[in-house]
Amino acid sequence: MVAVVIVSYNTAGLLRNCLASLAGCRLPLRVVVVDNGSRDGSPAMVRAEFPAARLVEAGYNAGFAGGTRIGLAALEGSGAAPYEYLLVLNPDTVVHPGAVEAMAAFLAAHPRVGLVGPRLLNPDGSPQPAAFRFPTLAMAALDLFPPGEVLPGRLYGSWWHGRYPQDGGDAPFPIDHPLGACMLVRREVLATVGPMDERYFMYSEEVAWCWRIRRAGWAIWQVPAATVTHVGGASTRQFRHAMLVALWRSRDQFAAERGPAWRVVAHRALVGAGMLRLTLAAWRAYAAGELERDELRARLWAYGQIVRGHE
């Protein structure tokens with residue numbers, strides 16, 4: 001038995017495609033959809049078109065980790081037979097035939113692997129990065145001072161930027177963490193490590209989770225035989241500047257959780273320098289007539305919130 005938890009926020013059309021894609025799975029599934037206070041008719045759509053899925057309406061935006069915890073609580077309180085694996089799935093995904101089966105088979109064959117992720121594709125069928133190393137100072141620098149703009153372009157997508165050269169190949173390989181759009185985890189891992197930390201409202205939840213899973217002695221792998229299409233950013237783009245703040249606050253939270261203290265100080269110094277660069281760039285764009293006043297204000301607000309959040 002595979003339990004599936006999908007946390008959705010105003011993604012009715014994408015959620016419909018996601019749920020429909022699960023219908024072809026040959027394994028028994030128990031699907032829970034957690035709606036984080038959507039206003040686009042998502043709950044009504046799930047009730048009308050997917051009555052087999054259990055709908056839980058949070059009534060507010062609990063975030064990804066918080067919504068997943070709500071879904072897990074619903075699973076545990078259902079009184080149904082226990083599940084063996086949990087599939088954490090974003091609503092903006094389409095699960096290709098055989099994907100869940102391939103991931104479950106890999107876990108069954110490798111008892112020390114606690115969590116796996118699939119190969120991800122963009123909607124046009126092109127490869128999407130799906131396997132990552134845990135964040136480093138070099139990775140933060142490459143995000144804040146983009147390759148091709150400030151740093152050499154060849155560094156983008158490299159090992160230094162947290163990528164794996166095996167990503168895109170056909171052979172399974174060990175990773176630090178997958179993209180959180182689709183993750184299959186053993187129930188035993190949940191019992192020993194717990195679910196994602198809901199203090200991460202958005203972003204880095206899966207990074208911190210996988211960090212704890214790895215520290216507990218479990219391996220994490222990508223299984224390219226499992227393929228999932230991922231749209232990306234369907235919920236977060238609704239609040240673009242607020243999500244930028246959430247991104248860097250979550251990264252700072254993980255840096256503090258991971259330690260040591262010197263790395264946290266260095267990370268915050270890098271972020272401060274990066275926000276200064278972005279602030280100056282925004283003023284230059286505004287002076288050149290390339291940026292409207294409202295957009296300038298929104299960007300300056302976001303950069304300021306990020307810096308203040310590190311104080």
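What follows is a chat about strands, a helix, cysteines and a few single residues in this predicted model.

Colleague: Let's start with strands. Which way do the side chains of E11 point?

Modeller: The general idea first: in a regular strand the side chains alternate between the two faces of the sheet. Now the case here. Cys182, Leu184 and Arg186 point one way from E11, while Met183 and Val185 point the other way.

Colleague: Which strands pair with E11, and in what sense?

Modeller: Strand E4, residues 85–89, pairs with E11 in the antiparallel sense over 5 bridges. Look for Leu86, which stands opposite Val185 in E11. E6 also runs antiparallel to E11, and 2 bridges join them. There, Val116 stands opposite Leu184.

Colleague: On to helices. How do I read H7, and how many of its residues are buried?

Modeller: An α-helix has 3.6 residues a turn, so residues three or four places apart point the same way. Helix H7 runs over residues 205–215 and is mostly covered, with 8 of its 11 residues buried. Among them are Glu205, Glu206, Trp209, Cys210 and Ile213. Just after H7, Gly217 takes a positive phi of about 100 degrees.

Colleague: You mentioned a cysteine. How many disulfides are there?

Modeller: The test is a pair of cysteine sulfur atoms within 2.5 Å. By this rule the count is 0 disulfides. Cys18 is in none, as the nearest cysteine sulfur, that of Cys182, is 8.8 Å away. For Cys210, the closest cysteine sulfur is also in Cys182, at 12 Å, which is too far for a bond.

Colleague: Are those two cysteines buried or exposed?

Modeller: Cys18 is buried, with a relative accessible area of 0%. Cys210 is buried too, and its value is 0%.

Colleague: Now a loop. Where is Tyr9, and what does its side chain touch?

Modeller: Tyr9 lies in the loop between strand E1 (2–8) and helix H1 (12–21). Tyr9 is buried, at 10% relative accessible area. Its side chain makes a polar contact with the side chain of Arg39, at 3.3 Å. Distance along the chain and distance in space are separate things to read: Tyr9 and Ser38 are 29 residues apart in sequence, yet their C-alpha atoms are 5.0 Å apart. For another pair, Gly117 and Val56 are 61 residues apart along the chain, and their C-alpha atoms are separated by 25 Å.

Colleague: Last one. Why does His241 count as buried, and which side chain does it make a polar contact with?

Modeller: Buried means under 20% relative accessible area. His241 is at 17%, so it counts as buried. You'll find His241 in helix H8, residues 240–258. Its side chain makes a polar contact with the side chain of Glu295, at 3.1 Å. Leaving aside neighbours within four places in sequence, the residues in contact with His241 include Glu295, Ala298 and Trp301.

Notes. Residues numbered from 1 in each chain as written. Predicted model: local features only at pLDDT ≥ 70, side-chain atom pairs only at ≥ 80, totals over all residues. Heavy atoms only, no water. Helix = DSSP H or I, 4+ residues; strand = E, 2+ residues; numbered from the N terminus. Buried < 20%, exposed > 50% of the residue type's maximum accessible area, 1.4 Å probe, protein only. Polar contact = N/O pair within 3.5 Å; in protein donor to acceptor, adjacent residues only side chain to side chain. Contact = heavy atoms within 4.5 Å. Pairing = 2+ DSSP bridges.
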